[in-house]
Amino acid sequence: MAQVELFSIGNALVDQEFLVDDAFLAQAQLSKGTMQLCDAAQQAQLVQHLATATHKGQASGGSAANTTVAFSALGGTSFYACRVGNDDLATFYLNDLKQVNVQTHEKSLSEGQTGTCIVMITPDGERTMYTHLGITAELSPVQIDYAALTQAKWLYIEGYLATSPTAHQAVAQARQIAKANNVSIAISLSDPAMVQYAKAGLDILIDDGVDVLFCNEQEALMYSKTVSIEQASEALLNIAQTVVITLGSKGALIGRKGQPIELIVGEFVTQAVDTNGAGDAFAGGFLYALSQGKSLTQAAQLGNRVAAQVVSQFGPRLSYQQYQAIVQQF
């Protein structure tokens, strides 16, 4: 296995995107802008109700996977640790990663059903997700080849793993290896629902701290139990060396101990049509820039640029050519 710069751990999910309105979300009792877990039968029932909705297609997803794809397509080297079933969706999913040179391992394949996520996009571009984790809910150290982590620059952890006790074990082992080999650790809080319902799990993933913590404004306020973004940043700096709070079209705030908060203004977007994967894209651009020796400010600028492109079209990822065009312009 070749040496990589980014080693990521996360859920492997195939996204199905649909256009809906707010009334549909209300009728389905879904909280707009969040992710809700469900079983296979519940997800199938929702899909039946979506029979008349516009289907925007199938895409490989999963928060950390989206970040890793962005990192790799921009020019980095990466490995994705995940768990998929032995089915057609797994073939589709792993082939997507291979297309942008994201390394995986055969350990990721196991008997079971590959996870799926129903992504509902409202006219304002906001995404709401209904997720059946499938076999990825049982991600454990057994499915992960940690060899590439020993020489990586970054270990990246998605907050959605907070709901899985076996994933906690996988992350704990990864953190131990990362610390022993001076690998920097980054985590994303991932979703307001994770902060609200699985904060104890997030605390386990964060453990004694991380080098970089990614979150959006709502997640920052909820996790820190504060009322202002400044207070939230200060509180989060107790568990992270650097806090990055994304603000949508406004850009991102960077918090560092002993320094004023820095706002990195976002890229102009005429209309956000789909926010699915925006935060993931930002993290991918940010970590890629840091891996290339760029400053935190430059990293946020690249993250903003990638995220702005992602929200201007449907789906959680760009094409390889789009990522390359962004990094060449940057």
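## Sheet, helix and cores in a predicted model

Strands E5 (residues 78-81) and E6 pair in the parallel sense over two bridges; strands, like helices, are DSSP runs numbered from the N terminus (at least two residues for E, at least four for H or I), and two strands pair if DSSP finds at least two bridges between them. Phe79 has Gln103 in E6 as its bridge partner.

The model is predicted: local features need pLDDT of at least 70, side-chain atom pairs count only at pLDDT 80 or more, and totals for chains, interfaces and linings use all residues. Residues are numbered from 1 along each chain as its sequence is written, and side-chain values use heavy atoms, with hydrogens and water left out.

The open sheet holds nine strands with mixed pairing, in the order E6-E5-E1-E9-E10-E11-E12-E13-E14. Strand E6 (102-103) and strand E14 (262-265) are at the edges with a single partner strand each, so one side of each has no neighbour in the sheet.

The protein contains 12 helices and 14 strands. Of its 330 residues, 57% are buried, meaning under 20% relative accessible area with a 1.4 Å probe, protein chains only. A nonpolar core is a set of buried Ala, Val, Leu, Ile, Met, Phe, Trp, Tyr and Cys residues joined through side-chain atoms within 4.5 Å.

| Nonpolar core | Residues | Members include |
|---|---|---|
| Largest | 53 residues | Phe7, Ile9, Leu149, Leu155, Leu213 |
| Second, separate | 47 residues | Phe71, Leu97, Leu302, Val306 |

Definitions and conventions. Buried means under 20% relative accessible area, exposed over 50%, partly exposed in between (1.4 Å probe, protein chains only).
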